[in-house]
Amino acid sequence: GRPPAGEVELALAAAAGELLGVPGIGADDDFFALGGDSISAIRLVGRLRRQGWALSVRQVFELRTVAALAAAAEPVAPAPTAAPSTAALVSLDDSQRDRLEALVRRRRR
């Protein structure tokens with residue numbers, strides 16, 4: 001088959017190759033013939049979503065090849081990643097720390 005071409009085919013081939021441990025996936029290669037299963041299909045959909053492309057697991061099962069999946073992929077806003085915590089750290093003096101520890105002990109009872 002031919003090598004992947006275009007942004008979506010390249011992203012799909014790279015993601016599928018990483019998930020399946022198969023380098024050099026072509027545009028016409030069948031995801032399931034290369035060792036894909038339902039769990040890897042779910043992972044593929046999630047990975048593509050994080051890269052900004054939407055596909056359903058059903059589409060992976062029905063379309064199967066990189067080229068067919070790329071043609072069906074819809075651009076979406078990439079899935080958000082976990083935001084860093086914005087909680088502020090504070091310093092407590094000995095008196096404040098003692099009161100806080102007493103409060104925690106009371107609530108545990």
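**Close-up 1. D30 and its salt bridge with R64 in the predicted model.** In this predicted model, D30 has a relative accessible area of 22% and therefore counts as partly exposed. The side chain of D30 meets that of R64 in a salt bridge, with a distance of 2.9 Å from N to O. Because D30 lies in the loop between α1 and α2 whereas R64 lies in the loop between α3 and α4, the pair ties together parts that are 34 residues apart in sequence.

**Close-up 2. The backbone and setting of R64.** R64 is found in the loop between α3 (57-63) and α4 (66-72), and its phi angle is near 70°, a positive value in a residue other than glycine. With a relative accessibility of 31%, R64 is classed as partly exposed.

**Close-up 3. The salt bridge between R47 and E18.** Of the five salt bridges counted in the structure, one joins the side chains of R47 and E18, again with an N to O distance of 2.9 Å. R47 belongs to helix α2 (residues 38-50) and E18 to helix α1 (residues 6-20), so this pair ties together parts that are 29 residues apart in sequence. R47 is partly exposed, with a relative accessible area of 22%, while E18, at 59% relative accessibility, counts as exposed.

Close-up 4. The side chains of E62 and R58 meet in a salt bridge whose N to O distance is 2.9 Å. Both residues lie in helix α3, where a spacing of four residues places E62 and R58 about one turn of the helix apart. Both E62 and R58 are exposed.

Close-up 5. A search of the whole structure finds two aromatic pairs. One of them is formed by F31 and F32, which are arranged edge-to-face, with 5.2 Å from centre to centre and 90° between the planes. F31 and F32 are both buried, and together with F61 they form one aromatic cluster.

**Close-up 6. A nonpolar surface patch that includes V104.** The side chains shown here belong to V90, L92, L100, L103 and V104, which make a nonpolar surface patch of about 390 Å². V104 is found in helix α5, which spans residues 94-108. Patch members need over 30% relative accessible area, and V104, at 33%, is partly exposed.

Conventions:
Residues are numbered from 1 along each chain as its sequence is written. This is a predicted model: local features need pLDDT of at least 70, side-chain atom pairs count only at pLDDT 80 or more; totals for chains, interfaces and linings use all residues. Side-chain values use heavy atoms; hydrogens and water are left out. Rings of Phe, Tyr and Trp (its six-membered ring) pair if their centres lie within 6.5 Å; planes under 30 degrees apart count as stacked, over 60 as edge-to-face and the rest as tilted. Buried means under 20% relative accessible area, exposed over 50%, partly exposed in between (1.4 Å probe, protein chains only). Patches are made of residues with over 30% relative accessible area and no salt bridge: like charges are joined within 9 Å, nonpolar side chains (Val, Leu, Ile, Met, Phe, Trp, Tyr) within 5 Å. Accessible areas come from the Shrake-Rupley method with a 1.4 Å probe; for residues, only the protein chains shown count as cover. A salt bridge is a side-chain nitrogen of Lys or Arg within 4 Å of a carboxyl oxygen of Asp or Glu. Helices (H or I, at least four residues) and strands (E, at least two) are DSSP runs, numbered from the N terminus.
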